[in-house]
Amino acid sequence: MRIEFSEISKSFSANGKGGQRIQALLPVNFVIEGGEFFSIIGPSGCGKSTLLNILAGLESPDTGFVTVDGTRVERPGPQRAVVFQEAGLMPWMTVSANVEYGLKLQGIPRAERRERAMKFLKMVHLSRYAEALPHQLSGGMRQRVSIARALALEPRVLLMDEPFSALDAQTRDVLHDELQRIWQETRTTIVFVTHNIREAVYLSDRILIMTASPGRVKRITTVPFAHPRQKSSTELSAFAAMLHDQIKEEVDKVAATELDPDWDKRPVPVAPLPYGTGEGI
Ligand SMILES: Nc1ncnc2c1ncn2[C@@H]1O[C@H](COP(=O)(O)OP(=O)(O)OP(=O)(O)O)[C@@H](O)[C@H]1O
Ligand SMILES: [Mg+2]
């Protein structure tokens, strides 16, 4: 398995119609290898979610393309499951029915659906809640259901966009440990967007640091520690502090832009024409 981002750029209309455009991503090139835990960090608005959504097939790039094993991504698919910041469960369905829903859409028979749902609910330690409704669960538990729902699709790559940022610190710690264990058990490739440097250092094989908007690759750093890791490790803390300084430079640029009274008078880069489409997934 190999994911390749090739000359990906993206702009958006500033007002949802024509006129001025905001350049979200300048051409971006990088590769994610199969089985990697790959994180993307960078200041707010630098295009992290846009990159992830392009890989998910939820957005299309203006230029360039993403391939998964050589096949172009053109639309969402079960091979690329996404976990968002909010669990997004259907409130009228039981936990198990929520996990089974994507499998039902794929036409998987009832017994197999059930079996897969239970396997992944067990993996996130929620098998006892299979028949509960989402409102009976805590925020952290709901997020675990959303992870089980994504894993039940047995995707080739799991995409996570700040999946733990709405949770309290203790719940987040528990879910970090669970995610590290699940990743080691399933060997699924994970692409993980976060603002949290310690979280990225604890979990990732490699971390892509983006520049302030418009987003580009500032650098890709390998985290040189074996898994499983200990959060309390002093080496991990030192590594996170070093990354923090590199990212702070970019965050400071955002602050400077927002404090510049003439920021809206600066020229906005205009995006090239959209790239042609071919056969894709
Ligand atoms: N659907 C959209 N319509 C218009 N502009 C958009 C849209 N999606 C993103 N943008 C713009 O593109 C830029 C990048 O947004 P994106 O959501 O990718 O940033 P981000 O790095 O994920 O930020 P955050 O850390 O705050 O989640 C921002 O300027 C944003 O306003
Ligand atoms: Mg985002």
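This short talk walks through one predicted model, from confidence to domains, sheets, loops and the ligand.

First, the ground rules. Residues count from 1 along each chain as its sequence is written, while chains are lettered from A and ligands numbered from 1 in the order in which they are written. Because the model is predicted, local features need pLDDT of at least 70 and side-chain atom pairs count only at pLDDT 80 or more, whereas totals for chains, interfaces and linings use all residues.

Confidence next. pLDDT is the predictor's confidence in each residue, from 0 to 100. The protein chain has a mean pLDDT of 89. Of its residues, 91% reach 70 or more. A contact means two residues whose C-beta atoms, placed from the backbone, lie within 7 Å. Where pLDDT is low, the predicted coordinates should not be read in detail.

Now the domains. Their bounds come from an automatic or database domain assignment. Domain 1 covers 1-79 + 157-281, and domain 2 covers 88-154. Their C-alpha centres lie 26 Å apart. Across the boundary, 11 residues of domain 1 are in contact with 11 residues of domain 2. Which helix gives the most to the domain 1 side? That is helix H5, residues 169-186, with five residues. By class, this side of domain 1 has eight nonpolar, two polar and one charged residues. The classes work like this: Ala, Val, Leu, Ile, Met, Phe, Trp, Tyr, Cys and Pro are nonpolar, Asp, Glu, Lys and Arg are charged, and the others, Gly among them, are polar.

On to the sheets. Helices (H or I, at least four residues) and strands (E, at least two) are DSSP runs, numbered from the N terminus. Two strands pair if DSSP finds at least two bridges between them. Strands of a sheet pair through backbone hydrogen bonds, either parallel or antiparallel.

Take the sheet of four strands. It is open, its order is E2-E1-E4-E5, and the pairing is antiparallel. E2 and strand E5 (71-72) stand at the edges with a single partner strand each, so one side of each has no neighbour in the sheet. Strand E1, residues 2-13, is joined to E2 by nine bridges. Here Ser11 stands opposite Gln23 in E2. E1 also pairs with E4, over five bridges. There, Ile3 stands opposite Val68 in E4. Strand E4, residues 63-68, then pairs with E5 over two bridges. Thr67 faces Arg72 in E5. The loop between E4 and E5 holds Asp69. Phi of Asp69 is near 50°, a positive value in a residue other than glycine.

The other sheet has six strands. It is open too, in the order E6-E7-E8-E3-E9-E10, with mixed pairing. Its edge strands are E6 (80-83) and E10 (217-222), and each pairs on one side only. From one strand to the next, the twist averages 15°. Axes here are lines fitted to C-alpha atoms, for helices over the stretch in contact, and angles run from 0 to 180 degrees between N-to-C directions. Strand E9, residues 206-210, runs antiparallel to E10, and five bridges join them. Met210 has Val217 in E10 as its bridge partner. Helix H4, residues 139-152, packs on this sheet and touches E6 and strand E7 (157-161). Its direction makes about 175° with that of E6.

Two cis peptide bonds deserve a look. One joins Ser213 and Pro214, with omega about -5°. Pro214 sits in the loop between E9 and E10. Another runs from His227 to Pro228, with omega near -10°. Pro228 lies in the loop between E10 and helix H7 (234-259).

Finally, the ligand. What surrounds ligand 1? The shell includes Phe12, Ile22, Ala24, Lys48, His195 and Ser213. A residue belongs if its C-beta atom, placed from the backbone, lies within 6 Å of the molecule. Strand E2 (21-33) and helix H1 (48-56) each supply at least two shell residues. H1 gives the most, with three. By class, the shell has four nonpolar, seven polar and one charged residues.
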